[in-house]
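Thanks for coming. I will go from the whole chain down to single residues, and you can follow on the screen.

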Amino acid sequence: MRIFYAKDKYWIDRWDQFIINNKCGSHLILSNWLESYEIYGFDYEIIICLENEQIIGGFGAVIAKVAFFKFYIISYGPVISKGNEDKLNSILEFAEQSARKRNCCYMEVAIPFNLDFIDNQHLIERKTDSVLFRDVSLGNKFKYIYSSNGLNWIDLTHGDLEVFLMGLATKARRNIRASERKELICKKITNYEEVRQVYKLFEENAVRGNYSIRDWKSFGISLQKMINKNKAIILGAYKDNNLKGAILLIESGKYYTFIMGGTKKENPDVRAGQFLQLQAIKLSIQNRFDGYNISLGGSKGVIDFKNEFNPQVISFENSKYHWIIKPMYFNFFLIVEKYMKPHKKMISKTLAFLMNKK
């Protein structure tokens, strides 16, 4: 077994393919997603665990920098292939060593552990505790990089759209059927200018819904790279050649994850939201995926909308851990953070602006 830093294109491309094809993979550790944090002045690295020239695991870490504080954040993983769970401890040891070499004061992981009562191939079975877990604390304390809390899973193992639809509540099925009668046309959006216009719709919906998404300047380039590499898909709903709504999906772990979406608010409602999610499910079945992650979270209205599709919430419980490597530095950061927190959005925008000027 060999653990090493993936620095050249050959190994990074192989890592991305591993994350896309391995059922425990996540979009949060694809190279382009990690790379998107560079605009804030952050760094990232990808570490691979190799056995018999095959990738069996690894992780992607963001090295976040705030003033003279540095944090080593593994927002999903380490990831390990089935049957190699006993290698997890070695990978975690390598991660801790790397965090120390980077002079970080803090490190955290978010491992998608499979609890005994959950049967899902996209989670890691926790066969044994890592030795490192003796010296760590449960949960995470660095809230500036998103890490997954679980899956909002729509089971598609049956591979049949009608079976899926018949499993929904009558009202939900009626709403979805109604969306198919609105003469909407689904189109994959790949052109840069069209992607830019769609993202404006995402931003407008975020403002209207009082939630935040990354702005185009900080995420647009990385998003376009993922689209060009067929890792990300934007589906648009059109009527009479006019865009009515769109959703962004990213493939990893042999399934799609719904990242964000937006619809135009019109009367009468063409139900573009239901139509687009149905297209995502159709595409998942077409690709023979065993499920679709419609994603957790959102406002009450968004959660109610997602629940129309009868997803199962699979929470990653007891999966987030953190190491305080330099207690004095980290405790000082916690004091500083109290004054930073009300200005989090402004600070992120300022960092992105300054990095664009370089």
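For 358 residues, a compact globule would have a radius of gyration near 21 Å, and the protein has 21 Å, so the two agree. This is a predicted model, so please hear every value as computed from it. Along its principal axes, the C-alpha trace spans about 60 × 45 × 35 Å.

By secondary structure, the protein contains eleven helices and 17 strands. Of its 358 residues, 54% count as buried. If you take contacts between residues at least 6 apart in sequence, 72% of them join residues at least 24 apart.

Now the surface. The protein exposes about 17500 Å², and carbon and sulfur atoms supply 50% of that area. On charge, there are 52 positive and 38 negative ones, and their mean positions are 6 Å apart.

Helix 3 covers residues 88-101. Just after helix 3, Asn 103 takes a positive phi of about 65 degrees.

Helix 7 runs over residues 216-228. Its 13 residues reach 17 Å from the first C-alpha to the last, close to the 18 Å expected at 1.5 Å a residue. Among the buried residues of helix 7 are Trp 216, Phe 219, Leu 223, Met 226 and Ile 227; Ser 218, Gly 220, Ser 222 and Gln 224 are buried there too. Just after helix 7 comes Asn 230, with a positive phi of about 65 degrees.

Ile 20 sits in helix 1, residues 9-21. Is Ile 20 buried or exposed? Its relative accessible area is 9%, so Ile 20 is buried, the cut-off being under 20%. Setting aside neighbours within four places in sequence, Ile 20 is in contact with Leu 30, Lys 231, Glu 251, Ser 252, Gly 253 and Lys 254. For a distance, take Glu 51: Ile 20 and Glu 51 are 31 residues apart in sequence and 19 Å apart in space, C-alpha to C-alpha.

Which residues does Ser 26 touch, leaving aside its neighbours within four places in sequence? They are Ile 19, Tyr 76 and Ser 252. Ser 252 was also on the contact list of Ile 20.

Leu 138 is a case from the exposed class. Its place is strand 9, residues 137-138. With a relative accessible area of 53%, Leu 138 is exposed, because the cut-off is over 50%. Beyond its neighbours within four places in sequence, Leu 138 is in contact with Asn 318, Lys 320, Tyr 321 and His 322. Cys 49 is 89 residues from Leu 138 along the chain, and their C-alpha atoms are separated by 25 Å.

Last, some backbone geometry. Where are cis peptide bonds found? One runs from Gly 77 to Pro 78, with omega near 10 degrees. Pro 78 lies in the loop between strand 4 (69-74) and strand 5 (79-80). The bond from Asn 267 to Pro 268 is also cis, with omega near 10 degrees. Pro 268 is in the loop between strand 14 (255-263) and helix 8 (272-286).

Then there is positive phi outside glycine. Asn 241 has phi near 65 degrees and is found in the loop between strand 12 (232-239) and strand 13 (242-252). Its relative accessibility is 74%, so Asn 241 counts as exposed. Arg 288 has a positive phi of about 60 degrees. Arg 288 lies in the loop between helix 8 and strand 15 (291-293), and at 79% relative accessibility Arg 288 counts as exposed.

That is the end of my list.

Note on methods
Residues numbered from 1 in each chain as written. Predicted model: local features only at pLDDT ≥ 70, side-chain atom pairs only at ≥ 80, totals over all residues. Heavy atoms only, no water. Helix = DSSP H or I, 4+ residues; strand = E, 2+ residues; numbered from the N terminus. Rg over C-alpha atoms; globule rule 2.2 N^0.38 Å. Buried < 20%, exposed > 50% of the residue type's maximum accessible area, 1.4 Å probe, protein only. Contact = heavy atoms within 4.5 Å. Areas by Shrake-Rupley, 256 points an atom, 1.4 Å probe, with all protein chains shown as cover. Lys, Arg positive; Asp, Glu negative; His and termini not counted. Charge placed at Lys NZ, Arg CZ, Asp CG, Glu CD. Expected span 1.5 Å × (residues − 1).
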